[in-house]
Amino acid sequence: MVGHYELISGTQFGGRSNSSTIDTAMTFIHDVHFVWNQNKVMSVLIFNIKGFFDFVNHQCLLTKMQSRQILLEYLKWAANFLDNCEAAICVDGTSGDSKPVKNGIPQGFPVLSILALFYSAGLLEVFQDKAIFSTPKNLEADKPSNIGILMYVDNGKLTVLSTSIAKNNILLAKVYKAVDQWLWKAGLVPDQDKCELIYYTQRKKCNDPATHIELTE
C-alpha cells in the first residue's frame, strides 16, 4: 500500500519494498556524479534521529496513519498491536520485571519499520514548502540547487550543490534548523554526536573547507 499509493515520499528508503540500502547508495552516487559533471561542489550534512523507535507516540502514530487514509481495519490492527505493550530489561540473561510501555515500538518486525516511517513521513514533506527553503538573494549568484533530502529509516542526509562551499554551508545550516524544529514538534530529537559534514568535488584546486557549521542558535 505504501509503495502502490505513494503514501510516503520516494526519498524515504529502508523498511519497505524497493528501497534497500543498495537503492539508497545508487541514488546518492547518481547525485555525486551529476555534481562532478557540473564542476560544482556538493555539501552533505548527515543526521540521525536519536532513539527513534523508542520515542514513537502511539496515538500520534495512529493519527498520522489516519490522515493518510489508511483503511480502518488496518488502523484497528495497529492499535491492537500497540495496546498493552510491556518491556523488561535483560542483563546477562537475567530479566527484570515487565513494565507498561506507552511510547515506542519494538524493532525487528518488518511491519514495525513501516509504521515508524508513517511517523516520520511529515519531515520529508516539509521540503515541499518552497518558502522555507528559498535561496536568499545574496546567494543566488553561486547558483545553488534545491536542498535535497534522503532518509534511510532514521538516518537523514541533507544535500546542496553550488559553486561555493561557504554558501552551501549557509544553506545547510538554515535547512537543518527547519528539520530540528519539525523533530521537536514530533517529540523527537536529532543526535548531535552523529552529525557529519562531507564535501564532494572533483575540482583540482579547492580552498580548505570549513570543518564544522553552526547548527543551533
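Visitor: How many helices and strands does the chain have, and in what order do the elements run?

Guide: In this predicted model, the chain has five helices and nine strands. From the N terminus on, the order is β-α-β-α-α-β-β-β-β-α-β-β-α-β. Of the 217 residues, 40% count as buried. Among contacts with a separation of 6 or more, 70% are between residues 24 or more positions apart.

Visitor: Why is Ser43 called buried?

Guide: Buried means under 20% relative accessible area. Ser43 has a relative accessible area of 0%, so Ser43 is buried. The residue is found in strand β2, which spans residues 41–48.

Visitor: What makes the pairing of Ser43 and Asn168 a polar contact?

Guide: A polar contact requires a pair of N or O atoms within 3.5 Å, one able to donate a hydrogen and the other to accept it. The side chains of Ser43 and Asn168 are joined at 3.1 Å, and the pair therefore counts as a polar contact. Leaving aside neighbours within four places in sequence, Ser43 is also in contact with residues including Leu158, Thr159, Val160, Leu172 and Ile198.

Visitor: Is Thr159 buried or exposed, and how do you know?

Guide: The cut-off for buried is under 20%. Thr159 has 13% relative accessibility and therefore counts as buried. Thr159 lies in strand β8, residues 155–162. Not counting residues up to four places away in sequence, Thr159 touches Phe28, Met42, Ser43, Val44, Asn146, Ile147, Gly148 and Leu172.

Visitor: Why is Asp54 called exposed?

Guide: Exposed means over 50% relative accessible area. The value for Asp54 is 53%, so Asp54 is exposed. Asp54 is found in the loop between β2 and α2. Leaving aside neighbours within four places in sequence, Asp54 is in contact with Asn103 and Gly104. The C-alpha atoms of Asp54 and Gly104 are separated by 3.9 Å, although the residues are 50 apart along the chain.

Visitor: What makes the pair Glu125 and Arg68 a salt bridge?

Guide: The criterion is a side-chain nitrogen of Lys or Arg within 4 Å of a carboxyl oxygen of Asp or Glu. The N to O distance between Glu125 and Arg68 is 2.9 Å, so the pair counts as a salt bridge. Side chains of opposite charge can pair when their charged atoms come close. A search of the whole structure finds one salt bridge.

Visitor: Where in the chain do the two partners, Glu125 and Arg68, lie?

Guide: Glu125 is in helix α4, and Arg68 is in the loop between α2 (58–67) and α3 (72–82). The pair links distant parts of the chain, 57 residues apart. At 34% relative accessibility, Glu125 falls between the cut-offs of 20% and 50% and therefore counts as partly exposed. Arg68, at 17%, is under 20% and so counts as buried.

Visitor: How do helices α4 and α5 pack, and which residues meet?

Guide: Helix α4 (residues 110–125) and helix α5 (residues 165–185) pack at an angle of about 150°, with their axes 10 Å apart. Their crossing is right-handed. Tyr119, Ser120, Gly122 and Leu123 in α4 meet Val179, Trp182 and Leu183 in α5. The residues of this contact divide into five nonpolar, two polar and no charged.

How values were computed
Residues numbered from 1 in each chain as written. Predicted model: local features only at pLDDT ≥ 70, side-chain atom pairs only at ≥ 80, totals over all residues. Heavy atoms only, no water. Axes fitted to C-alpha atoms, helices over the stretch in contact; angles between N-to-C directions. Helix = DSSP H or I, 4+ residues; strand = E, 2+ residues; numbered from the N terminus. Left-handed = near helix turned anticlockwise from the far one by under 90°. Contact = heavy atoms within 4.5 Å. Nonpolar A, V, L, I, M, F, W, Y, C, P; charged D, E, K, R; others polar. Buried < 20%, exposed > 50% of the residue type's maximum accessible area, 1.4 Å probe, protein only.
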